[in-house]
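Dear colleague,

Please find the structure below, handed over for your records. My notes on what was found in it follow.

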Amino acid sequence: MSMNLELPDEVVEAVGPEPERSALEAVLLFLVSEDKMSVARAGEILNLDRSSAISWYTSHGFYYPDLSEEDLDEELRHARKP
């Protein structure tokens, strides 16, 4: 589903050269912070791999959510790879 959102020119200018991307990122950040979407899924939508998605999320001042034991094991396996 696609939708059109009209923003005042002042808002578009303040957002910068990629207002659509910035708006998408803002919505995704909100959804993740509200536990309505995972960081991993937001990353997929933005075409980011898992570690890039986590970096994207934390670079906006959010803390990465607590990891389940299974996720922690997976992260440790990846961290130990040469």
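Tyrosine 57 counts as buried because its relative accessibility is 4%; buried means under 20% relative accessible area, exposed over 50% and partly exposed in between, with a 1.4 Å probe and protein chains only. Tryptophan 56 is buried as well, whereas phenylalanine 62 is partly exposed at 27%.

Please note that this is a predicted model, in which local features need pLDDT of at least 70 and side-chain atom pairs count only at pLDDT 80 or more, while totals for chains, interfaces and linings use all residues. Residues are numbered from 1 along each chain as its sequence is written, and side-chain values use heavy atoms, leaving out hydrogens and water.

A search of the whole structure gives two aromatic pairs. Rings of Phe, Tyr and Trp (its six-membered ring) pair if their centres lie within 6.5 Å; planes under 30 degrees apart count as stacked, over 60 as edge-to-face and the rest as tilted. Tryptophan 56 and tyrosine 57 form a tilted pair, 6.4 Å centre to centre with 45 degrees between the planes. The pair of tyrosine 57 and phenylalanine 62 is stacked, because the ring centres are 4.9 Å apart and the planes lie at 15 degrees.

Yours sincerely
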